[in-house]
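Have the viewer open as you read.

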Amino acid sequence: MATAHRIPPAPQPELYRFKPLDFATLITYVAIAGFFAVAGDLLAPFLRQIAPSPAAASYAVNLLFYASVAILAVLAARKVVGRDLTVLATRPWFTLLMVPAAVIAMMILTAVAVALSGEAQTSQNQAGLQQLAQQIPAWLMVPLLVVVGPFVEEYIFRHLLIGKLSRRVNIWICCALSVVLFAALHIVGQEAVTFTALLPYLAMGATLVFVYVWTGKNLMFAYFVHAAKNLLAVVFIYAIPPEVFEQLQQVQP
């Protein structure tokens with residue numbers, strides 16, 4: 001009998017029970033994000049006094065935020081991380097081929113979704129990253145955008161919202177929540193919540209949810225796909241001159 005190429009699920013119910021450290025990590029994430037969303041403008045003058053530039057202040061705050069939550073997330077999910085890496089290590093060619101394939105599928109899905117909407121729109125999140133890249137070197141952006149950021153988001157939006165919550169709630173409801181909340185996270189507090197602004201992040205979230213469920217709730221595979229997509233975005237941001245981005249933003253389909 002032929003062996004399936006899909007990574008089979010590894011049922012270990014004890015790994016998908018909510019634990020105090022999960023709640024502590026989630027509360028820390030929501031509390032810090034909510035604090036900066038509400039009091040960010042009040043902290044801006046103080047941050048400008050201790051940082052050489054607004055960009056440096058923004059970078060430092062985001063790195064401190066994500067790194068703090070990432071430490072808690074790694075501690076909370078260390079057994080799952082170890083198991084998932086072990087599973088992937090037994091199928092190295094699957095991982096090496098399917099991670100870039102998933103990134104390509106994500107980019108195609110995003111392009112189709114934007115094309116069908118009939119309106120290309122650069123989110124303020126993306127515009128902010130482009131401005132930040134003009135002042136922060138790439139070697140500093142990679143730890144934030146490729147290492148800690150994707151792990152925190154995969155831990156919360158895939159491992160907790162699907163892997164653990166699906167023990168109590170229908171998995172399809174969990175998947176829908178994961179996609180919608182992941183997309184909303186990237187635009188809330190920055191711009192009007194419109195379907196057009198949400199579309200790219202909905203496509204990204206849907207792809208990450210699919211690969212997470214398809215690989216038997218493999219957190220690390222979803223993380224590698226997310227990190228690879230962000231790495232590609234960082235390469236594009238630093239490789240393409242800012243004036244080209246401005247010209248592309250002015251092009252209407």
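## A salt bridge across the chain

Let us start with a charged pair: the side chains of Asp 22 and Lys 164 form a salt bridge, with N and O 2.4 Å apart. Please keep in mind that the model is predicted.

Are these two residues buried or exposed? Asp 22 has a relative accessible area of 2%, so Asp 22 is buried. Lys 164 also counts as buried, because its relative accessibility is 2%.

## The other charged pairs

How many salt bridges does a search of the whole structure find? The count is 3. As background, side chains of opposite charge can pair when their charged atoms come close.

Besides the pair above, Arg 83 bridges to Asp 84, with 2.7 Å between the closest N and O atoms; both of these residues are buried. Glu 154 and Arg 158 make another salt bridge, at 2.7 Å from N to O. Both sit in helix 6, 4 residues apart, or about one turn of the helix. In general, an α-helix has 3.6 residues a turn, so residues three or four places apart point the same way. Glu 154 and Arg 158 are both buried as well.

## The overall fold

Stepping back, the chain holds 10 helices and 0 strands, which reads along the sequence as α-α-α-α-α-α-α-α-α-α. Of the 253 residues in the chain, 40% are buried. Among contacts with a separation of 6 or more, 81% are between residues 24 or more positions apart.

The chain exposes about 13700 Å². Carbon and sulfur atoms supply 71% of that area.

## Two serines around helix 7

Ser 178 lies in helix 7. With a relative accessibility of 0%, Ser 178 counts as buried, because the cut-off for buried is under 20%. The side chain of Ser 178 reaches the backbone oxygen of Phe 157 at 2.6 Å. Leaving aside neighbours within four places in sequence, Ser 178 is in contact with Phe 157, Arg 158, Leu 161, Ile 162 and Val 209. Arg 158 is one to look at again, being the salt-bridge partner of Glu 154.

Ser 166 sits in the loop between helix 6 (138-164) and helix 7 (171-185). Buried or exposed, which is Ser 166? Ser 166 is buried, with a relative accessible area of 17%. Not counting residues up to four places away in sequence, Ser 166 touches Leu 161, Ile 171, Cys 174 and Lys 217.

Lys 217 is found in the loop between helix 8 (195-214) and helix 9. Its relative accessible area is 22%, so Lys 217 is partly exposed. If you check backbone angles, note that Lys 217 has a positive phi of about 60° although it is not a glycine. For context, most residues other than glycine have a negative phi.

Next comes Asn 218, which caps the N-terminal end of helix 9. A side-chain oxygen of Asn 218 lies 3.2 Å from the backbone nitrogen of Met 220. Helix 9 (residues 219-239) has 21 residues; at 1.5 Å a residue, they should span 30 Å, and the end C-alpha atoms are 30 Å apart, which agrees. The buried residues of helix 9 include Leu 219, Met 220, Phe 221, Asn 230 and Ile 237.

## A nonpolar patch on the surface

Where is there a nonpolar patch on the surface? Ile 104, Ile 108, Val 112 and Leu 116 form one, and together they have about 420 Å² of accessible area.

Val 112, in helix 4 (residues 92-117), is partly exposed at a relative accessible area of 41%. Ile 108 is also found in helix 4, and its relative accessible area of 51% makes Ile 108 exposed. From C-alpha to C-alpha, Ile 108 and Ala 203 are 9.2 Å apart in space, while in sequence they are 95 residues apart.

Methods: Residues are numbered from 1 along each chain as its sequence is written. This is a predicted model: local features need pLDDT of at least 70, side-chain atom pairs count only at pLDDT 80 or more; totals for chains, interfaces and linings use all residues. Side-chain values use heavy atoms; hydrogens and water are left out. Patches are made of residues with over 30% relative accessible area and no salt bridge: like charges are joined within 9 Å, nonpolar side chains (Val, Leu, Ile, Met, Phe, Trp, Tyr) within 5 Å. Accessible areas come from the Shrake-Rupley method with a 1.4 Å probe; for residues, only the protein chains shown count as cover. A salt bridge is a side-chain nitrogen of Lys or Arg within 4 Å of a carboxyl oxygen of Asp or Glu. Buried means under 20% relative accessible area, exposed over 50%, partly exposed in between (1.4 Å probe, protein chains only). Contact means heavy atoms within 4.5 Å. The expected span of a helix is 1.5 Å times one less than its number of residues. A polar contact is a pair of N or O atoms within 3.5 Å; within protein, one must be able to donate a hydrogen and the other to accept it, and residues adjacent in sequence count only if both atoms are side-chain atoms.
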